[in-house]
Amino acid sequence: MLTHTEIKKLIGLTLAEGESRPVQIKGWVRTKRGNKQVAFIALNDGSCVQTIQVVADLNAPAFPEDLMKRITTGACLCVNGRLVPSMGKGQSVEIQADSIDVLGEADPEVYPLQKKGHSLEFLREIAHLRPRTNTFGAVLRLRHEMAYALHTFYHERGFYYLHTPLITASDCEGAGEMFQVTTLPLNQLPMKDGKIDYSQDFFGRQTSLTVSGQLEGELGAMALSKIYTFGPTFRAENSNTPRHLAEFWMNEPEMAFYEIEDNMDLAEEFLKYLTTYALEHCGDDLRFLNDMYDKELISRLEGVLKTRFERLTYTQAVDILKSSGAKFEFKVDWGTDLQSEHERYLVEKHFKRPVILTDYPKDIKAFYMKQNDDGKTVRGMDVLFPQIGEIIGGSQREENLDKLQRRIQELHIPDKDMWWYLDTRRFGSAPHSGFGLGFERLLLFITGMTNIRDVIPFPRYPQNAEF
Ligand code: 4AD
Ligand code: MG
């Protein structure tokens with residue numbers, strides 16, 4: 001019995017003339033063409049972007065007409081045959097089939113991916129089948145490779161992977177954009193003194209899905225020195241943009257003894273490491289996406305590696321934007337949050353390289369950021385990338401208990417819920433820093449896709465959670 005081989009292992013092999021090897025492959029039909037004598041079937045198993053050509057001699061008794069009729073685009077086959085050098089263009093080897101089993105048919109009348117060249121919008125409506133397209137195959141393989149590279153990067157540098165909870169009672173970013181988690185009967189909520197009685201809820205308190213693992217990440221860093229989290233994150237912000245998801249993956253490293261400069265150095269090294277990894281290990285998929293969607297993709301990735309990221313303060317950036325003479329939809333003024341049009345102007349037009357902005361006004365950033373002596377700004381940092389805008393957000397953290405408590409009070413954050421977090425500042429406090437990388441934003445950059453819904457297998461966004 002032959003054991004089945006991934007197509008990736010066969011593509012690119014070279015055989016001498018007349019040489020052949022027995023093989024078994026399994027995969028899905030991309031195309032079938034030919035004539036009365038011979039059929040050429042392009043088979044893909046998702047192990048790589050390429051298909052392998054299967055040649056069936058229709059004069060052979062193994063390939064009767066009723067079998068060949070069942071071999072249509074989308075059908076799943078098991079092919080036994082011989083790997084031989086190919087005469088045809090564009091491939092070094094092909095498979096001369098001895099037998100073909102149809103494992104699963106795909107009725108051409110109703111199979112939605114019958115034709116090539118569907119729009120990304122259409123494919124979003126059939127997200128359950130789109131992994132079978134070349135585009136999503138490439139994106140999903142790159143997604144895997146980037147996750148692997150991310151773990152490798154941290155592991156090699158002595159960071160520990162900390163698993164932070166998805167269900168939480170605190171709103172790390174303080175934006176109030178949380179999905180609530182409850183087992184209370186929604187049609188008959190228990191009430192006490194005119195309010196919902198959460199003491200009867202599963203956890204005995206009000207809980208939500210997390211918007212960030214940072215607060216728990218800080219607890220880990222205050223013991224293990226260097227940790228990172230990597231997991232799903234949830235935000236109920238009703239933003240229907242090509243850069244927001246309601247469920248996205250975030251990676252958050254948190255480091256004791258790092259100041260903001262160390263944090264910036266790590267972020268820059270990390271993004272360059274991931275980009276280098278993609279260029280070195282994912283060439284076929286990148287070339288496919290480069291040719292199909294974005295002719296500048298590979299040169300943009302290479303460009304990021306060559307330059308040092310530009311570092312400047314929010315205040316300097318606002319001055320540049322105000323004196324740029326550029327027309328923006330949203331007006332820029334010191335104190336307002338930058339929109340992605342402003343971020344992209346700085347990166348794509350002004351500096352023509354990635355930018356790290358620091359020292360933001362305290363009122364547009366979260367409570368935990370380290371306060372500068374000017375009383376107006378905090379030691380936050382955002383890394384801005386071409387095409388994307390913000391790809392990373394982070395900061396040095398306020399390690400001083402009094403200052404942090406004062407800020408929590410100013411922002412009316414219920415400090416009875418924060419005692420455990422504040423304990424890190426009560427006991428053995430240390431300077432520390434960290435950041436959050438939006439994994440899908442990274443993938444937008446790496447794949448050249450322009451809509452964040454196309455770089456996660458099953459996107460969650462307003463009005464969409466079917467599959
Ligand atoms: O800037 P954010 O909100 O920072 C934090 O959550 C901090 N706790 C991180 C930290 O310091 N440990 O989010 C971090 C990153 C953003 O820069 C962006 O790339 C991504 O997460 N992000 C989103 N990605 C997709 N959809 C959304 N709705 C996102 N919101 C943020
Ligand atoms: Mg941010």
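This is a predicted model: local features need pLDDT of at least 70, side-chain atom pairs count only at pLDDT 80 or more; totals for chains, interfaces and linings use all residues.

Residues are numbered from 1 along each chain as its sequence is written, chains are lettered from A and ligands numbered from 1 in the order in which they are written, and side-chain values use heavy atoms, with hydrogens and water left out.

Let me return to the ligand. A polar side-chain atom of arginine 235 lies 2.8 Å from an oxygen atom of ligand 1. For tyrosine 368, an N or O atom of the side chain is 3.5 Å from a nitrogen atom of the ligand. On its own, ligand 1 has 630 Å² of accessible area, of which the protein covers 93%; such areas come from the Shrake-Rupley method with a 1.4 Å probe, and for residues only the protein chains shown count as cover.

The shell holds 24 residues, Glu173, Gln214, Glu237, Glu252 and Glu390 being the closest; a residue belongs to it if one of its heavy atoms lies within 4 Å of the ligand. It divides into eight nonpolar, eight polar and eight charged residues. Here Ala, Val, Leu, Ile, Met, Phe, Trp, Tyr, Cys and Pro count as nonpolar, Asp, Glu, Lys and Arg as charged, and the others, Gly among them, as polar.

Which strand gives the most to this shell? E17 does, with five residues. Helices (H or I, at least four residues) and strands (E, at least two) are DSSP runs, numbered from the N terminus.

E17 belongs to an open, mixed sheet of eight strands, ordered E6-E12-E13-E18-E17-E16-E15-E14; two strands pair if DSSP finds at least two bridges between them. At its edges stand E6 (160-161) and E14 (310-313), each pairing on one side only. E17 and E18 are antiparallel partners over five bridges, and glycine 393 stands opposite glycine 436 in E18.

A further open sheet has three strands in the order E7-E11-E8, with antiparallel pairing. E7 (167-168) and E8 (180-181) each have a single partner strand, so one side of each is left without a neighbour in the sheet. E7 and E11 (residues 207-209) pair over two bridges, with serine 208 in E11 as the bridge partner of threonine 168.

Technical notes: A polar contact is a pair of N or O atoms within 3.5 Å; within protein, one must be able to donate a hydrogen and the other to accept it, and residues adjacent in sequence count only if both atoms are side-chain atoms.
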